[in-house]
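Visitor: I would like to learn how to read a structure feature by feature. Where do we begin?
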Amino acid sequence: RGKKAFVAGVADDQGFGWAIAKALAEAGAEISLGVWVPALNIFESNLRRGKFDASRKLSDGSLMEFVKVYPMDAVYDSPEDVPEEVATNKRYAAAGDKGFTVSECAKNVEADFGKIDIIVHSLANGPEVTKPLLETSRKGYLAAISASAYSFVSMVQRFGPIMNPGGAAVSLTYLASEKIIPGYGGGMSSAKAALESDTRVLAFEAGRKYQIRVNTISAGPLGSRAAKAIGFIDDMIRYSYANAPIQKELEAREVGNAAAFLLSPMASAVTGSLVYVDNGLNAMGLAM
Ligand code: NAD
């Protein structure tokens with residue numbers, strides 16, 4: 001039986017979410033997506049117009065299919081949390097009456113598929129990411145934590161009950177949680193630290209309650225849409241290339257493969273782990 005996977009945080013074919021979906025599809029999983037509401041329209045029209053067809057190509061020559069694409073905004077847990085100005089916003093109103101909050105997504109997925117096996121959290125947002133922590137507002141800091149860390153807690157809370165025992169969750173984190181990475185601001189470093197700590201606590205709680213595993217991948221730099229918004233991604237890629245034990249550019253596919261492993265029965269005893277997929281850069285003390 002093919003595993004059923006819900007991948008949150010795909011809006012084009014450039015990021016880690018896409019690469020994870022693709023690695024899961026290669027392994028025979030059935031993929032549904034949760035796409036951020038403001039990006040939904042453009043994603044669906046690009047998909048329809050064949051813009052992603054080259055990246056959809058699987059090794060057997062077929063194209064990766066998404067069985068369903070759900071509108072999602074992971075900063076809201078249930079309809080009561082959605083402010084009036086968001087609910088009435090053109091794009092959000094166009095998302096339909098089945099809702100886009102995390103609990104509604106889980107409910108919609110359950111109605112369409114019953115129980116699922118895999119959830120992927122490949123999303124982050126920090127409105128003040130370009131500001132140093134010394135200049136970050138409370139609002140910006142809390143927004144980063146809400147979109148980038150609590151969103152994962154919320155997903156495990158809401159999707160846990162609709163997951164089969166033996167299922168697994170994975171998220172994406174970054175080294176800035178544990179080492180100083182100047183430029184990764186706005187409370188995003190704090191959000192990643194929270195996400196990593198929550199990975200351990202959720203592994204325990206959801207492991208006991210739902211028999212599912214929870215892991216996170218600390219990925220090296222990739223020139224995704226989100227990363228380009230931070231502004232220094234090209235420098236990070238160059239730095240990693242020059243200083244990591246393995247001197248090559250990180251491919252999203254490599255993170256996709258590691259995620260597919262963590263989400264598969266091959267990793268049945270791996271939970272609460274932070275796995276580095278970064279060409280080993282994290283292990284360096286002094287750059288050489
Ligand atoms: P990306 O732009 O492909 O993915 C981020 C996604 O988050 C986008 O699709 C965006 O639409 C979505 N999103 C933002 N706010 C949302 C919300 N409120 N609700 C639902 N979706 C929302 O970029 P990416 O770099 O592949 O990012 C994926 C994950 O990888 C993130 O957690 C990021 O922090 C992490 N990561 C990235 C790098 C890197 O260098 N690119 C390195 C380490 C970790």
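Visitor: Leaving aside its neighbours within four places in sequence, which residues is Met288 in contact with?

Guide: One caution first: this is a predicted model. For Met288, what remains is Ala242 and Asn243. Met288 sits in the segment after strand S7 (274-277).

Visitor: Is Met288 buried or exposed?

Guide: Exposure is read from relative accessible area, and over 50% is called exposed. Met288 is at 73%, so it counts as exposed. Distance along the chain is another matter. Met288 and Glu135 are 153 residues apart in sequence and 32 Å apart in space, C-alpha to C-alpha.

Visitor: What is the corresponding picture for Ala54 and Asp73?

Guide: They are 19 residues apart along the chain, and their C-alpha atoms are separated by 28 Å. Ala54 belongs to helix H3 (residues 53-56). Its relative accessible area is 71%, so Ala54 is exposed.

Visitor: Now a buried case. Which contacts does Thr173 make, leaving aside its neighbours within four places in sequence?

Guide: Begin with the accessibility. Thr173 has a relative accessible area of 4%, so it is buried. It lies in strand S5 (residues 163-173). Its contacts are Lys192, Leu195, Glu196, Thr216, Ile217, Ser218, Ala219 and Leu274.

Visitor: How should I read a nonpolar core?

Guide: Start from the general idea. In soluble globular proteins, nonpolar side chains tend to be buried together. Here, the largest nonpolar core has 41 residues. Those with the most contacts inside it are Leu24, Ile31, Leu33, Phe43, Phe66, Ile217 and Leu263. Helix H1 (residues 16-26) gives the most to this core, with eight residues. A second, separate core has 29 residues, including Val102, Ile119, Phe152 and Val214.

Visitor: Leaving aside its neighbours within four places in sequence, what is Leu33 in contact with?

Guide: The list is Phe6, Val7, Val10, Phe43, Phe66, Lys68, Val69 and Tyr70.

Visitor: Which residues form a nonpolar patch on the surface?

Guide: Leu133, Tyr141 and Leu142 do, with about 280 Å² of accessible area together. Take Leu142, in helix H7. It is at 49% relative accessibility, so it counts as partly exposed.

Visitor: How many salt bridges does a search of the whole structure find?

Guide: Seven. For each one, check the distance, then the places of the partners. Asp112 pairs with Lys68, with the closest N and O atoms 3.3 Å apart. Asp112 lies in helix H6 and Lys68 in strand S3, so the pair ties together parts that are 44 residues apart in sequence. Asp112 is partly exposed at 35% relative accessibility. Lys68 is partly exposed too, at 32%.

Visitor: How far apart are the closest N and O atoms of Arg238 and Asp235?

Guide: They are 2.6 Å apart, in a salt bridge. The two residues are three apart in helix H10 (residues 233-243), so about one helical turn separates them. Arg238 is exposed, with a relative accessible area of 55%. Asp235 is partly exposed at 44%. Some salt bridges share partners: Asp53, Arg56 and Glu65 are joined this way into one network.

Terms used: Residues are numbered from 1 along each chain as its sequence is written. This is a predicted model: local features need pLDDT of at least 70, side-chain atom pairs count only at pLDDT 80 or more; totals for chains, interfaces and linings use all residues. Side-chain values use heavy atoms; hydrogens and water are left out. Helices (H or I, at least four residues) and strands (E, at least two) are DSSP runs, numbered from the N terminus. Buried means under 20% relative accessible area, exposed over 50%, partly exposed in between (1.4 Å probe, protein chains only). Contact means heavy atoms within 4.5 Å. A nonpolar core is a set of buried Ala, Val, Leu, Ile, Met, Phe, Trp, Tyr and Cys residues joined through side-chain atoms within 4.5 Å. Patches are made of residues with over 30% relative accessible area and no salt bridge: like charges are joined within 9 Å, nonpolar side chains (Val, Leu, Ile, Met, Phe, Trp, Tyr) within 5 Å. Accessible areas come from the Shrake-Rupley method with a 1.4 Å probe; for residues, only the protein chains shown count as cover. A salt bridge is a side-chain nitrogen of Lys or Arg within 4 Å of a carboxyl oxygen of Asp or Glu.
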